[in-house]
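Dear colleague,

I am passing on the structure we spoke about, with the sequence alongside.

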Amino acid sequence: MLTLGTVKDAANVLQGAARKTDLILSKTLLEGHNIYLKSENLQLTGSFKLRGAYYKISKLTEAQKAKGIIACSAGNHAQGVALSAQKNGIKAAIFIPATAPISKVEATRKYGADIMLIDGIYDDAYKAACEYQKQTNGEFIHPFNDEDVIAGQGTIGLEILEQLSDVDAVIVPIGGGGLISGVAFAIKQIKPDCKIYGVQAQGAGSMYQSFFNKKILELPHVNTFADGTAVKRPGDLTFDLCMKYVDDIVTVTDDEIASAILALMERQKLVAEGAGALSVAAAMFGKLPIGNMKTVCIVSGGNIDVNILSRVINRGLLKSGRLCHLTIELLDKPGQLKDVSAIIADLGANVIRVRHNQGGQNTDINDCFLKISMETRNAAHFEQIKNALTAKGYRITANEQ
């Protein structure tokens with residue numbers, strides 16, 4: 001049975017093996033709110049997963065270690081297991097979905113683990129790992145549905161209470177539920193009035209659906225770039241703990257997650273992956289009644305692939321109204337582009353791309369289309385520019401913000 005003593009034992013074991021990550025007060029992410037960031041993205045291996053993996057492996061007997069260990073993961077648990085196995089001199093075989101970011105796969109490989117890439121998502125990798133475990137009799141290190149793993153993640157809850165004893169609420173990302181189960185259990189044992197809120201990606205809300213239906217449900221599919229939380233079915237242990245200790249669970253869209261990643265980079269100088277930014281997205285977009293409560297957002301990981309990061313930044317700029325596109329239908333004559341550019345420049349926007357196309361079959365012969373991409377301050381600024389162009393007689397046929 002999971003006990004507070006187990007979580008405290010995990011904290012002792014993790015001394016020297018994992019970092020006690022900083023709790024950072026943010027005065028810029030959400031104006032008028034007391035938001036603190038628990039920076040697990042700065043943990044060794046770039047994710048909280050090291051805590052649970054290391055503690056679980058520390059509990060194995062020498063005979064169990066000799067058999068080798070097996071794990072499955074979308075990438076972060078894989079790195080935690082691989083590093084823990086390396087430190088303990090244990091052979092590790094790790095099954096990773098082929099959709100996982102290349103950076104996570106290669107980081108895991110560098111820690112010396114044997115990598116098996118499996119077509120599909122986490123659940124497909126899990127099935128393959130279970131089959132391999134039956135064949136080899138190795139020790140399976142589950143990424144979330146294990147009491148020792150949950151206890152390791154619960155050490156984050158103990159650290160939060162040490163760093164901010166009067167915390168009112170903690171917002172926790174959820175995939176399979178190991179992190180929120182451990183954090184919620186640890187905090188509620190010591191400070192039961194502290195609210196524990198969970199957040200999932202809208203396209204992968206398995207715990208969200210299970211929580212409100214009061215029974216474990218398996219999604220037919222998941223769809224989110226927050227790969228660290230793309231789990232179709234939560235664990236039975238984590239589900240039970242969430243039902244007992246979690247106050248509410250909400251979801252956020254991929255666009256909201258992208259905006260949170262961008263905000264963390266610009267305002268806090270922190271890099272978060274999709275799963276890691278879930279808690280911040282929930283706070284930024286008013287998903288939870290946190291008001292003036294002292295609220296901790298756990299930034300659970302920072303292992304984002306640079307190729308995905310560029311797309312996320314672009315999406316975040318679009319979502320926040322800072323990258324905008326519009327198409328203007330106008331008469332094809334000299335000076336038109338100059339006049340349009342002058343209006344945009346006078347209002348303080350920056351044109352970054354222009355494309356000129358002659359009119360189509362449903363327009364006047366002398367008409368053309370001017371497609372403009374620009375950097376703006378926000379959505380209101382974009383509206384101001386559109387109104388100014390319309391007032392000058394230009395016809396806007398399409399816009400994207």
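The crossing of α7 and α8 is right-handed, and I begin with this pair, with the reminder that the whole model is predicted. On the α7 side the contact is made by Ile150, Gln153, Gly154, Ile156, Gly157, Leu158 and Leu161, while α8 brings Gly178, Leu179, Ser181, Gly182, Val183, Ala186, Ile187 and Ile190 to it. Sorted by class, the contact of α7 with α8 has nine nonpolar and six polar residues, and no charged ones.

Helix α8 also meets α10, and here the axes come within 9 Å and cross at roughly 40°, which makes α8 oblique to α10 as well. In this case the crossing is left-handed. The residues of α8 in this contact are Gly178, Ile180, Ser181, Ala184, Phe185, Lys188 and Gln189, and those of α10 are Thr238, Leu241, Cys242 and Tyr245. By class, the contact of α8 with α10 comes to six nonpolar, four polar and one charged residues.

Helix α10 itself covers residues 236-245, and its buried residues are Thr238, Phe239, Leu241, Cys242 and Tyr245. Why do these residues lie on the same side of α10? They cover an arc of only 165° around the axis, and this puts them on the same side of the helix. The buried residues of α10 pack against α7 (147-163), α8 (178-190), β8 (195-201) and α9 (206-213).

A separate residue to look at is Ser279, which is found in helix α12, residues 278-284. Ser279 counts as buried because its relative accessibility is 0%, where the cut-off for buried is under 20%. Leaving aside residues up to four places away in sequence, Ser279 touches Ile171, Val172, Pro173, Val199, Cys297, Ile298 and Val299. Val149, by comparison, is 130 residues from Ser279 in sequence and 21 Å from Ser279 in space, C-alpha to C-alpha.

Two lysines in loops also deserve a look in the viewer. Lys214 lies in the loop between α9 and α10, and its phi is near 60°, a positive value in a residue other than glycine. Lys269, placed in the loop between α11 (254-268) and α12, has a positive phi of about 60° although it is not a glycine. Are these lysines buried or exposed? Lys214 counts as exposed at 63% relative accessibility, and Lys269 counts as exposed at 66%.

As for the protein chain as a whole, its secondary structure comes to 15 helices and 14 strands, and its C-alpha trace spans about 85 × 45 × 40 Å along the principal axes. Of its 401 residues, 54% count as buried. Among contacts in the chain with a separation of 6 or more, 72% are between residues 24 or more positions apart.

Notes:
Residues are numbered from 1 along each chain as its sequence is written. This is a predicted model: local features need pLDDT of at least 70, side-chain atom pairs count only at pLDDT 80 or more; totals for chains, interfaces and linings use all residues. Side-chain values use heavy atoms; hydrogens and water are left out. Buried means under 20% relative accessible area, exposed over 50%, partly exposed in between (1.4 Å probe, protein chains only). Helices (H or I, at least four residues) and strands (E, at least two) are DSSP runs, numbered from the N terminus. The arc is that of the directions from the helix axis to the C-beta atoms. Contact means heavy atoms within 4.5 Å. A crossing is left-handed if the near helix is turned anticlockwise from the far one by less than a right angle, and right-handed if clockwise. Ala, Val, Leu, Ile, Met, Phe, Trp, Tyr, Cys and Pro count as nonpolar, Asp, Glu, Lys and Arg as charged, and the others, Gly among them, as polar. Axes are lines fitted to C-alpha atoms, for helices over the stretch in contact, and angles run from 0 to 180 degrees between N-to-C directions. Angles under 35 degrees count as roughly parallel, over 145 as roughly antiparallel, 65 to 115 as roughly perpendicular and the rest as oblique.
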